[in-house]
Amino acid sequence: MVVVYSKSNCMQCNFTKKFLEDKGVPFTAKDVEANEEALEEVRQLGFTSLPVVIADGIEAFHGFRPDMLSRLA
């Protein structure tokens, strides 16, 4: 399972979601602006910038990281 925490008008968030879509990786997007619970989840993970990606088998990370995203494809 892959979850991408993001917000609108975030280029790195959009790049991350587009990368996963292009590679055919299913993911759930959680908008931290529209969902207070999602924002709290990001805070509990210790992150202060977006996007934040969590996935089975890899350590959670933030930012547009093609190197890490490729591991999910």
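Partly exposed, as used here, covers relative accessible areas in between buried, under 20%, and exposed, over 50%. Phenylalanine 64, at 30% relative accessibility, therefore counts as partly exposed. Keep in mind that this is a predicted model.

- A search of the whole structure turns up two aromatic pairs.
- One of them is phenylalanine 15 with phenylalanine 64, a tilted pair with 5.6 Å centre to centre and 50° between the planes.
- This pair links distant parts of the chain: phenylalanine 15 sits in helix α1 and phenylalanine 64 in the loop between β4 and α3, 49 residues apart.
- Phenylalanine 15 is partly exposed, with 44% relative accessibility.
- Phenylalanine 64 also pairs with phenylalanine 19, this time edge-to-face, with 6.3 Å centre to centre and 70° between the planes.
- Since phenylalanine 19 is in helix α1 and phenylalanine 64 is in the loop between β4 and α3, the pair ties together parts that are 45 residues apart in sequence.
- Phenylalanine 19 is buried, at 16% relative accessibility.

**Helix α1**

- Helix α1 runs over residues 11-23. It has 13 residues and reaches 18 Å from its first C-alpha to its last, close to the 18 Å expected at 1.5 Å a residue.
- Its buried residues are Cys13, Thr16, Lys17, Phe19 and Leu20. Looking down the axis of α1, you find these buried residues within an arc of 155°, so they line one face of the helix.
- That buried set packs against β1, β2, β3 and α3.
- Over on the other side of α1, Met11, Glu21 and Asp22 are exposed.
- Just after α1 comes glycine 24, with a positive phi of about 75°.

**The nonpolar cores**

- The largest nonpolar core has 12 residues in all, including Val2, Val4, Phe19, Leu20, Val25, Met68 and Leu72. At least two of its residues come from each of β1, α1, β3, β4 and α3.
- Leave out residues up to four places away in sequence, and leucine 72 still touches Val2, Leu20, Val25, Val53, Ala55 and Ile58.
- Another core lies apart from this one; it has 10 residues, among them Val3, Cys13, Phe47 and Val52.

**The disulfide**

- The model has one disulfide. The partners are cysteine 10 and cysteine 13, with their sulfur atoms 2.2 Å apart.
- The link between cysteine 10 and cysteine 13 is right-handed, with 75° about the S-S bond.
- Are these two cysteines buried or exposed? Cysteine 10 is buried because its relative accessible area is 9%, and cysteine 13 counts as buried too, at 0% relative accessibility.

**Threonine 28 in strand β2**

- Threonine 28 belongs to strand β2, which covers residues 28-31.
- With a relative accessible area of 39%, threonine 28 is partly exposed.
- Setting aside neighbours within four places in sequence, threonine 28 is in contact with Val2, Val3 and Val4.
- Methionine 1 and threonine 28 are 27 residues apart in sequence, and their C-alpha atoms are 8.1 Å apart in space.

**Backbone spots to look at**

- As background, most residues other than glycine have a negative phi, and most peptide bonds are trans.
- Asparagine 9 has a positive phi, near 60°, and is a residue other than glycine.
- You'll find asparagine 9 in the loop between β1 and α1, where it counts as exposed because its relative accessibility is 80%.
- The peptide bond joining leucine 50 and proline 51 is cis, with omega about -5°.
- Proline 51 lies in the loop between α2 and β3.

Notes: Residues numbered from 1 in each chain as written. Predicted model: local features only at pLDDT ≥ 70, side-chain atom pairs only at ≥ 80, totals over all residues. Heavy atoms only, no water. Disulfide = S-S within 2.5 Å. Buried < 20%, exposed > 50% of the residue type's maximum accessible area, 1.4 Å probe, protein only. Core = buried A, V, L, I, M, F, W, Y, C linked by side-chain atoms within 4.5 Å. Helix = DSSP H or I, 4+ residues; strand = E, 2+ residues; numbered from the N terminus. Contact = heavy atoms within 4.5 Å. Expected span 1.5 Å × (residues − 1). Arc of directions from axis to C-beta. Phe/Tyr/Trp six-rings, centres within 6.5 Å; stacked < 30°, edge-to-face > 60°.
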